[in-house]
Amino acid sequence: MARRSHVQTTINGETVEFLCEPRQSLLEVLRDELHLTGAKEGCNNGNCGACSVILDGRLVNSCLVLGVETEGKSVETIEGLAEPDKLHPIQDAFLENAALQCGICTPGFIMSAKALLDQNPNPTEHEVRYWLAGNLCRCTGYDKIVRAVLDAAAAK
Amino acid sequence: MLENKDYKVIGTRPIRHDGVDKVTGRALYGADFQMAGLLHGRVLRSPHAHAKIISIDTSRAEALPGVKGVVTAKDLPGAEDRIADLGEGAVNLKHLCDNVLASDKVLYKGHAIAAVAATNPHIAEEACTLIDVEYEVLPPVLEVRQAMEPDAPLLHETLKTTSMGETADEPSNVASHIQHKLGDPEKGFAEADVIIEREFVTGTVHQGYIEPHNATAHYNQDGQLTIWCSTQGAFTVREQVAEILQYPISKIKVVPMEIGGGFGGKISVYIKPVAALLAKKTGKPVKVLMNRADVFEGTGPTPASFIRVKMGATKEGKITAAQGYLAFEAGAYPGSPVGPGAMCIFAPYSIENVIIDGYDVVVNKPKTAPYRAPGAPNAAFGSETVLDEIAEKLGIDPLEIRLINGAKEGDRRADGPVHPRIGFIETVEAAKAHPHYTAPNGKKHHGRGVASGYWFNIGLESSVTINVNSDGTINLIEGSTDIGGTRASIAMQAAEVLGIPAESVNPSVVDTNSVGYTAVTGGSRTTYATGYAAYEAAQDVKRQMIARAAKLWEVDEANVQFADGEFSSINGKEEQISFRDLCARFGETGGPVVGSGTVNPGGAGGAYATHVVDVEVDEETGKVDILRYTAVQDAGKAIHPSYVEGQIQGGAVQGIGWALNEEYIYNAEGEMTNASFLDYRMPTCLDLPMIDAVIVEVPNPGHPYGVRGVGEVPIVPPMAAIANAVYDAIGVRMTELPMSPDRLLKAMGKI
């Protein structure tokens with residue numbers, strides 16, 4: 001077993017330290033070391049987007065980032081999105097629009113939508129579809145997801 | 001017949017009860033389960049599509065530091081060669097065992113051979129590469145017609161064709177032949193003015209759920225086995241594991257975690273018994289996860305098929321006869337959904353003369369599993385394309401020919417059952433009146449197509465318990481795992497009975513020790529049957545509370561009525577108490593109120609759908625774009641319309657993927673060459689328009705609120721609807737799925 005490295009990073013605004021093997025992905029670190037299981041593994045090769053998180057303001061597949069690469073960086077995950085007493089508007093919009101069925105892809109879609117709305121607060125339907133094409137959903141046919149993101153943008 | 005009346009809760013769109021957990025990442029799915037001292041398991045899979053296992057040597061793997069245990073088929077007790085019904089369809093237990101861990105032969109690439117438990121998943125994976133397996137590689141059989149040839153290599157030396165109750169003498173890859181016959185097909189074809197006969201080929205496709213299979217197992221020292229997993233049915237997992245391990249069901253507890261999609265693919269067990277074997281061997285809890293390639297190669301997709309359809313009609317458009325030949329690839333072991341395919345193929349129509357033959361054929365591909373209306377989409381691709389061609393030949397509008405022949409209450413399906421009240425005609429009428437169908441469609445390379453579909457839906461056993469709280473809310477305990485919002489649709493039915501808001505119900509999906517037997521979330525049965533059980537449990541609560549009110553007022557129970565959330569006494573002194581206030585007085589009227597309901601209903605009403613699609617075909621690249629999509633469906637009664645629309649939209653889009661792109665691509669050695677999401681390529685949101693879901697409500701007389709299952713039928717029409725639209729666009733009939741760019745260019749004669 002390779003020697004574990006010490007990493008200090010910021011997750012959802014809090015300074016976090018952890019030990020990880022060089023081969024462990026950020027997704028593994030989040031899920032197995034830090035017990036932040038909101039990011040899901042659907043493919044472990046960047047195809048499905050279920051593990052989407054925001055790294056220094058940029059949307060990434062956490063399965064394609066190594067844990068050690070997050071040293072000194074800032075990670076936003078689904079667990080950090082809601083306020084203690086209220087949901088983020090994107091989360092509300094997903095509930096109002098019934099934009100989830102099984103829910104396994106939902107954290108990834110919400111993080112992806114947040115990254116979109118952070119940089120483009122008023123996207124067109126096409127822009128939403130283009131941006132979310134990196135996230136797979138097998139249940140909904142995407143209709144209600146796209147509507148939820150457009151609604152969240154309008155609500156801002 | 002039920003009135004399509006208005007309800008207080010049913011038909012509204014409350015926020016689903018598990019919604020906040022699922023948008024905050026707090027909901028715990030199978031892979032999220034953690035436990036102290038957990039070991040991690042990985043499965044070694046066959047690199048060959050067809051081979052004898054000569055020997056397995058696990059010693060090098062066992063010697064790797066961090067490895068705690070290795071298991072092979074030798075660790076299985078060995079199940080009997082008998083058939084059991086363990087969910088959505090019958091299973092041969094010997095085959096089930098061999099599919100979990102191969103004993104003598106591997107029958108597909110990805111077939112599980114051995115498994116390792118280690119202190120972390122990387123070590124387990126590394127250890128798998130140290131297991132030495134010696135194979136005698138055999139030629140693979142990869143296609144259904146090839147497998148049916150008399151000289152085809154045999155997968156199973158002992159498998160013999162059963163046909164209409166008779167078993168053949170010689171072994172064969174054809175496991176069974178079924179036939180349904182109605183009337184006199186020869187006479188019917190003789191009466192036809194136009195006869196169309198076409199052959200169709202469909203590819204192997206996967207359910208494509210985003211969450212890979214997972215299982216964590218632990219044996220206590222007292223022999224209690226607990227399995228935490230994602231499944232469509234905790235009770236079927238318990239039954240299958242009990243059979244495979246030859247272990248009593250009373251010693252197995254299955255805890256269903258949240259499930260990340262199933263569509264039929266999470267009924268059969270794969271790694272759950274393997275996790276149990278590893279847990280037993282190591283004495284530690286063991287978590288086994290599949291990766292995406294394991295899911296594609298090692299779990300059941302839905303079959304490829306060869307289908308021949310012949311239909312005849314008079315010049316007025318009346319279908320006089322229909323013939324279907326369906327040969328389905330079962331995969332490595334018998335049990336394809338050719339049966340349901342044969343039940344559904346002509347079921348939208350009232351046809352006097354029908355003959356349907358179905359063949360279940362083994363090939364060197366993963367053992368197939370149910371996938372949303374299993375068998376029906378393959379069948380409908382053939383029948384709905386041929387009907388389109390007949391309509392075109394006769395110059396009749398394709399929806400009109402469906403109205404002329406549409407099945408109604410009292411008509412007999414070719415496989416026997418007589419239709420109760422059904423809503424097929426209503427779906428066609430709604431499609432015909434929809435602005436999509438009446439919109440102009442004249443541009444070059446644009447085309448419009450329609451198709452219909454049928455799925456019978458199932459009932460089966462469900463149990464619900466309701467614990468009434470002193471504040472007027474209820475805790476609803478159920479055994480149906482929630483794949484798409486069924487906590488809400490079940491809770492709403494109980495709420496309707498008790499006159500309380502949907503938000504006053506706290507639904508919980510619990511383990512197999514904590515609720516009565518409940519069959520799988522499958523067959524579009526959950527809102528129907530478990531909803532029915534919730535209705536019965538709520539009726540039980542109501543009856544008990546009427547008794548409590550009677551006690552309180554010292555009147556006869558017959559003199560208490562319940563309406564609009566209020567109990568009141570009739571005949572005598574005037575008393576009134578709300579549901580909530582009466583809940584607060586349980587202590588003085590006899591103690592807590594717990595209601596229960598169990599059902600095994602026989603009245604699952606069949607579901608029909610009619611879809612309209614506009615496509616654009618790029619003649620240079622062969623790519624088909626979906627421009628507009630409208631899906632009409634009879635839901636009986638939509639309990640939560642948003643989630644009914646969601647089922648319709650999701651099913652339609654899975655059908656679009658099946659129609660245009662999805663397939664297992666094999667090389668000559670029988671290796672799947674596209675076992676990743678990138679290469680298998682399911683639809684993304686950029687590939688699609690909005691999907692207009694139109695709900696028609698023709699109440700099902702077999703349910704107190706008229707519910708019909710809605711989950712499966714929306715995947716039935718899309719393939720034929722799109723093929724018919726492609727024909728309308730470019731004048732080429734596509735008879736092979738998927739209609740990928742290369743196949744389209746070939747059909748257009750461009751390559």
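User: What does helix α16 of chain B lie across?

Analyst: In this predicted model, helix α16 (residues 526-553) of chain B lies across β21, β22 and β27 of chain B. Its direction runs at about 145° to β27(B). The scale for such angles goes from 0 to 180 degrees between N-to-C directions.

User: What makes helix α15 of chain B a helix that packs on the sheet?

Analyst: Contact means heavy atoms within 4.5 Å. Helix α15 (residues 486-498) of chain B touches β21, β22 and β23 of chain B. Its direction makes about 135° with that of β22(B).

User: In what order do the four strands of this open sheet of chain B stand?

Analyst: The order is β23-β22-β21-β27 (chain B), and the pairing is mixed. From one strand to the next, the twist averages 20°.

User: Why are β23 and β27 of chain B said to stand at the edges?

Analyst: Look at the partners. β23 (505-509) and β27 (594-599) of chain B each have a single partner strand, so each has one side without a neighbour in the sheet.

User: Turn to chain A. In what order do the strands of its open sheet of five stand?

Analyst: The order is β2-β1-β5-β3-β4 (chain A), again with pairing described as mixed. The edge strands are β2 (14-20) and β4 of chain A; each has a single partner strand, so one side of each lacks a neighbour in the sheet. Neighbouring strands are turned by 40° against each other on average, direction ignored.

User: What joins β1 of chain A to β2(A)?

Analyst: Seven bridges join β1 (residues 5-11) of chain A to β2(A), and the strands run antiparallel. Two would be enough for a pair. Thr10(A) stands opposite Thr15(A) in β2(A).

User: What makes β3(A) and β4(A) a hairpin?

Analyst: Four bridges join β3(A) to β4 (residues 58-61) of chain A, and the strands run antiparallel. Two residues lie between them. Leu55(A) stands opposite Arg58(A) in β4(A). In the turn, Asp56(A) has a positive phi of about 45°.

User: How many bridges does β3(A) have to β5 of chain A?

Analyst: Two, in the antiparallel sense, to β5 (residues 74-76) of chain A. At least two are needed, so these strands count as a pair. Ile54(A) stands opposite Glu76(A) in β5(A).

User: Which way do the side chains of β3 of chain A point, and are they buried or exposed?

Analyst: Ser52(A) and Ile54(A) point one way, Val53(A) and Leu55(A) the other. All are buried. In a regular strand, side chains alternate between the two faces of the sheet.

User: Which strands does α1(A) lie across?

Analyst: α1(A) lies across β1, β2, β3 and β5 of chain A, at about 100° to β2(A).

User: What else lines the second largest pocket?

Analyst: Besides α1 (26-33) of chain A, β1 (39-45), α4 (121-128) and β16 (286-289) of chain B each supply at least two residues. The lining has 27 residues, and Glu28(A), Glu41(A), Asn44(A), Pro121(B) and Leu289(B) lie nearest the centre. By class there are nine nonpolar, eight polar and ten charged residues. The space is about 600 Å³.

User: What makes a space a cavity, and how many are there of 30 Å³ or more?

Analyst: A 1.4 Å probe fits in a cavity but cannot get out. Seven cavities of 30 Å³ or more are counted. The largest cavity holds about 550 Å³ of space. Of its 37 lining residues, Thr486(B), Thr521(B), Ser524(B), Gln647(B) and Gly711(B) are the closest to the centre. Helices α15, α16 and α19 of chain B each give two or more residues to that lining. The lining divides into 14 nonpolar, 17 polar and six charged residues.

Conventions. Residues numbered from 1 in each chain as written. Chains lettered and ligands numbered in written order. Predicted model: local features only at pLDDT ≥ 70, side-chain atom pairs only at ≥ 80, totals over all residues. Heavy atoms only, no water. 1 Å grid on protein atoms, 1.4 Å probe; cavity = no way out; pocket = protein on both sides within 12 Å on 5 of 7 lines; lining within 4 Å. Points joined across faces, edges and corners; volume = space filled by probe spheres on them. Nonpolar A, V, L, I, M, F, W, Y, C, P; charged D, E, K, R; others polar. Buried < 20%, exposed > 50% of the residue type's maximum accessible area, 1.4 Å probe, protein only.
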